[in-house]
Amino acid sequence: MTMGDKINRRTFLGMTATGAAGLILGDFIGKEKHTELAAPVTKHETSEAETISFYGSHQTGVVTPQQNFANIASFDITTDDVKQLQELLKTWTEMAATLMEGKPLAAEPQDGKFPPTDTGEQIGLATGKLTITFAVGATLFEKEGKDRFGLRARKPQGLTEMPIFHKDSLQEQLTHGDIVVQACSDDPMVCFHAIRNLSKAARGVAHLRWQQTGQLGIKSDGTKRNLFGFKDGTNNPALQDDAFMNNNVWIDGADGIPWLTGGTYMVVRRIQMRIETWDQQPFTNQEEIMGRQKVSGAPMDGKSEFDQPLFAADAKGDKTPLDSHIRLSNPREGESSERERILRRGYNFMENLDSVGRLNAGLLFVCFNRNLQTQFESIQKRLTNPKMPDKMLSYTETTGGGYYAVLPGVTTKGTYLGQHLFG
Ligand SMILES: C=CC1=C(C)c2cc3[nH]c(cc4nc(cc5[nH]c(cc1n2)c(C)c5CCC(=O)O)C(CCC(=O)O)=C4C)c(C)c3C=C
Ligand SMILES: [Fe+2]
């Protein structure tokens, strides 16, 4: 192929897969792509172990071992033309596959008279196991009573806008959105680059509604800690536990939403933590609030982190307070507790001071589950029950987030994210 040859989407994917050449994705949207073969580019130095394939029956970024950094961005669709929405999803599919491979979106320089296609700040960086996960909110199907894209009948019954729970302080500009994109990598620049370029490609069709970065401690072995200083994730299900994922995370034919088979539901909550107040609590109070020992992560009645706590039915001689976070999150009442279990995948956030000089920091809580109402909401309602709320609620305030349906994975090159939604 020579310079200036036209290539179609399938050729494009074939070429990026073999790393044959750099490409111009063109203006991405609304026009036929002027994908031309440009000068060969230096291949990014990415080792096999550092890149994750975009393709598969489930999207990545759910059961993928957690990378150290995240950038979650929520978009509002600004067009009411369903074709433009489909075109955006096609473009994002190609871009995500390319970005996750560690390839540039185009070989630069192109025509110097135009802005570059790829913004370039990732050049020379490894992908850091970049994953990009796409999910849709309830408003994509219906907004203010309007069937925007002819998709109303396809809305999963359980996919609502995230309700306001007791003590929530949701801010409109930090909440909901039509499509959410989660980029995770061991390099924060790579996350930013992904979101920035997806957003740039969406110009005129979708715009950013909110975005939130998050991070974990980098060089720690074992369970990472949250900003209250506790190990967070100890009793998360094992990522290799396929039986758990099939029962509690992945949506299948039995859920009666064929276009969502292979997907899951994602909950995002931007939870502000009242760090200064927490830091004044005595050590033992902190442990009683959480229901775990702070240094080791062991249960109150255990010795090491992965010991299982024993909750006595009558709470006599029981060392884990009834209103502690872990006891309310998981009362361990047999089968019903097992069915409720979720997969958590959150990150810490630390930003500038707030308007009254407090540390603006907290937990970007993310979880995945197969049923929003019988899993996440059931747990959340116990934690926020005004009769016996989670003690930790006095030190947290949720300001944003949303409910989203994670689209099934893309199995075949040439097909695109959410394709079955329109079928
Ligand atoms: C509704 C779901 C949950 C929210 C919201 C939530 C917020 C939140 N959690 C912590 C810190 C910890 N959580 C821990 C355990 C835990 N949390 C939830 C659910 C929510 N947490 C569950 C289901 C569990 C597992 C309970 C169990 O099975 O034992 C822990 C303990 C260690 C662990 O198992 O991960 C900590 C610590 C914070 C700081 C927070 C909001 C700011
Ligand atoms: Fe928790």
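His176 is buried, because 24 other C-beta atoms lie within 10 Å. A residue counts as buried if 20 or more other C-beta atoms lie within 10 Å of its own, as exposed if 12 or fewer do, and as partly exposed in between, with C-beta atoms placed from the backbone. His176 sits in the loop between E2 and E3. Its phi is near 65 degrees, a positive value in a residue other than glycine. Helices (H or I, at least four residues) and strands (E, at least two) are DSSP runs, numbered from the N terminus.

The model is predicted: local features need pLDDT of at least 70, side-chain atom pairs count only at pLDDT 80 or more, and totals for chains, interfaces and linings use all residues. Residues are numbered from 1 along each chain as its sequence is written, while chains are lettered from A and ligands numbered from 1 in the order in which they are written.

The loop between E2 and E3 also holds Ala138. Ala138 counts as buried because it has 20 C-beta neighbours inside 10 Å. Apart from neighbours within four places in sequence, Ala138 is in contact (C-beta atoms, placed from the backbone, within 7 Å) with Lys155, Leu159, Thr160, Glu161 and Tyr403. The C-alpha atoms of Ala138 and Met162 are 9.1 Å apart, although the two residues are 24 apart in sequence.

Strand E2 (residues 131-136) is mostly covered, with six of its six residues buried. In a regular strand the side chains alternate between the two faces of the sheet. In E2, Thr131, Thr133 and Ala135 point one way and Ile132, Phe134 and Val136 the other. Two strands pair if DSSP finds at least two bridges between them. E2 runs antiparallel to strand E3 (residues 179-185), joined to it by six bridges, and Ala135 has Val180 of E3 as its bridge partner. E2 also pairs with strand E9 (residues 396-406), again in the antiparallel sense, over two bridges; here Val136 is partnered by Ala405 of E9.

Strand E5 is largely enclosed by the rest of the structure, because ten of its ten residues are buried. Thr264, Met266, Val268, Arg270 and Gln272 point one way from E5, and Tyr265, Val267, Arg269, Ile271 and Met273 point the other way. Ten bridges link E5 to E9 in an antiparallel arrangement, with Tyr265 opposite Ala405. E5 and E8 are likewise antiparallel, over eight bridges, and Arg270 stands opposite Leu364 in E8.

Helix H2 (residues 82-101) spans 29 Å from its first C-alpha to its last, close to the 28 Å expected for its 20 residues at 1.5 Å a residue; the expected span is 1.5 Å times one less than the number of residues. Of these 20 residues, 14 are buried. In the loop between H2 and E2 lies Pro109, which is joined to Glu108 by a cis peptide bond with omega of about 0 degrees.

Around ligand 1 there are 26 residues, of which Phe230, Thr234, Asn235, Ser329 and Asn330 come nearest; a residue is near a molecule if its C-beta atom, placed from the backbone, lies within 6 Å of it. Two or more residues of this shell come from each of strand E5 (264-273), helix H7 (325-329), strand E8 (360-369) and helix H9 (372-383). H9 gives the most, with four residues.

Key. Contact = placed C-beta atoms within 7 Å.
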